[in-house]
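Welcome! Here is a short tour of a structure, taken one region at a time.

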Amino acid sequence: MFAQSLKMAWSAITSNKMRSFLTMLGIIIGVMSLVVLVSLVNGATGAVTSEIGSLGNDMISVTIRDDKGSPLRLENLAEIASDGAIAQVAPSGTMAATAKNGYSDASVSVNGTTASYYEIQGLELSYGRFIKTTDVDNSSYVVVLSYNAADELFGMDDIVGESISINGRNFQVIGVLAEDTSMMSGMMGGLSVYVPFTVQSRMAGQPYITSLSVAAANDTDTAQTAVENYLLKRFQQDEDAFTISNMSSISDAMGTITSTLSLLLGGIAAISLLVGGIGIMNIMLVSVTERTKEIGIRKAIGAGRKSIMMQFLIEALMVSLLGCIFGLLLSWGILSLVTMIAGSISFSMSLGVVGVAVGFSSCIGLIFGLYPANKAARKHPIEALRYEG
Amino acid sequence: MTAASKPIITMQNITKIYNIGGEEVRALDGASLTIHEGEFVSIIGPSGSGKSTMMNIIGCLDVADEGEYMLDGQSIEQYSEEELARIRNKKIGFIFQSFNLLSRMTAMENVELPLIYQRLPVEARKKKTNAALERVGLTDRGHHKPTELSGGQQQRVAIARALATEPAILLADEPTGNLDTKTGNDIMSLFHELHAAGNTIVLITHSEEVANQAQCRIRIIDGRVTEVE
Ligand SMILES: Nc1ncnc2c1ncn2[C@@H]1O[C@H](COP(=O)(O)OP(=O)(O)OP(=O)(O)O)[C@@H](O)[C@H]1O
Ligand SMILES: [Mg+2]
């Protein structure tokens, strides 16, 4: 009986392919938006999370907003670093500037820092060396270029010994970083160059440290507490004088944002699925009316309410599940395409989201099929037989 | 009519009332009749006299407003809707004036349909379907759709569908009304054969000639049984 009902539903659906397709369209679009949006968010989250992980969770960033009359100087960093929980400390003063090499110029972001920055940030050189303590002490006009900056200014990266000008001053290139293929750098954009902190602070007219990175010796949280205590003491116990964060707190926040986002997008997609369900109900109601005579005939030759009910329910379910399958296939296509275009991130449908899509579509087929099916099942056989469409 | 045959259909004062625009139409007005097992009965009457209404009640497609109807010794009021559907499926074979075939299905699928509702396994269904189609001489037209068949052939498919379940009662509402004389005669001789084979047949008609071929005639006028001969 069940197999027969499937066969009947199939023949009813295929007897009017265009209409069935249009009915399915709502579900197709709903499933597609659900699966694609959720997969995109998940894929991006996965990429960002692994990115943050690769940056190292033991890095702590501090930004000073109000120095309370006792600004932080380079000498003070040694005091912070003397704490056992802290491995290394580096300042980072940033300013925007124009870098020139002959006729080519570019807007760059100049980072003034010290030697320890290299390890704290986990940077990698492909040529030359990074800034040394002596460069900082002597305020040498030397610069380390990021791969992108070198590429922009020179069109190549083997340029150690060349010189460039930054805001009119001449700098000697002492090193070039390896190309950073991570998504983070892609997202941040911009061209970075690194110079000794003393040089940058003189150029920017900012002799104090407003931003620093700290590497923990062992445990990130103890290190963070140590930095916090030092700064609190220095800034008269004012917690608002500075902000301190580490990568794991950033990635936690990131996780919360993305899960909220995927819930939100999934919700919107679910609404479009709901609309698709209403489309199914609408067409099923039309179909039940059109097939009144058929229902009368079936009842006359012995179909009970349950059989009629089942027939129309299965039909509604089949329409929504077929729509779901088409939607999943299309989503798969779209995600493959996006993965191809995006390159570095791979977006895939998780089994979970497929399950949700299938489950939701079946529920919608059932719920919105129920009313038309019941209407069909309750038709009076004689009145149905007398119906002339 | 032998004393041994038991009544299969008994109607007592059956009344069916329709309300059309506030006006009461008594399609059946206290009709009584008895039909025995194995009988070939014709119901005759002018148009609008309530013949079809009577057939619908006999066939459990409709229920009377008043009176008692016993099928096989059981009062119909005792059955639920689902049980009535099962009775229509197993005990009764309908043959409609307008064929009432499902146009999307082939002749074979149409004949098979009541067997599907009986939940028979595939092999049994195929066997019975083929036997029924053979009975009406349409074996070679099994894969045609109703629209590809002539009126007489369609009526034969409808008869095959009614026969497929081997019902206790065959109910035919003007089965020859839409057909020419020759085809009509063919159908009638099929009914004679079925009667000879022991089927109970109730045939509705407004043609005296057709009615006279039956064993027993019941005349209806204005919803009342006026004459049994
Ligand atoms: N569903 C209905 N609603 C309202 N009135 C109906 C309905 N069915 C039948 N009637 C009325 O009941 C009366 C008997 O109808 P019925 O169909 O039984 O006649 P009939 O004897 O079969 O006629 P015919 O030979 O033309 O088929 C008619 O007056 C008809 O108008
Ligand atoms: Mg009639």
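## A pocket between the chains

The lining of the second largest pocket draws at least two residues each from H14 of chain A and from strand E2 (23-36) and helix H1 (51-58) of chain B; helices (H or I, at least four residues) and strands (E, at least two) are DSSP runs, numbered from the N terminus. With five residues, H1(B) gives the most to this lining. In all, 24 residues line the second largest pocket, and A:Arg386, B:Ser52, B:Thr53, B:Asn56 and B:Asp173 lie nearest its centre. Here a pocket is an open set of points on a 1 Å grid over the protein atoms alone, where a 1.4 Å probe fits, with protein on both sides within 12 Å along at least five of seven lines; lining residues have an atom within 4 Å of a point.

## About the model

This is a predicted model, in which local features need pLDDT of at least 70 and side-chain atom pairs pLDDT 80 or more, while totals for chains, interfaces and linings use all residues. Residues are numbered from 1 along each chain as its sequence is written, chains are lettered from A and ligands numbered from 1 in the order in which they are written, and side-chain values use heavy atoms, leaving out hydrogens and water.

## Where the chains meet

Chain A brings 25 residues to the contact and chain B brings 22 residues (heavy atoms within 4.5 Å). Between chain A and chain B there are three salt bridges, where a side-chain nitrogen of Lys or Arg is within 4 Å of a carboxyl oxygen of Asp or Glu. A:Arg305 and B:Glu81 join their side chains in a salt bridge, at 2.8 Å from N to O.
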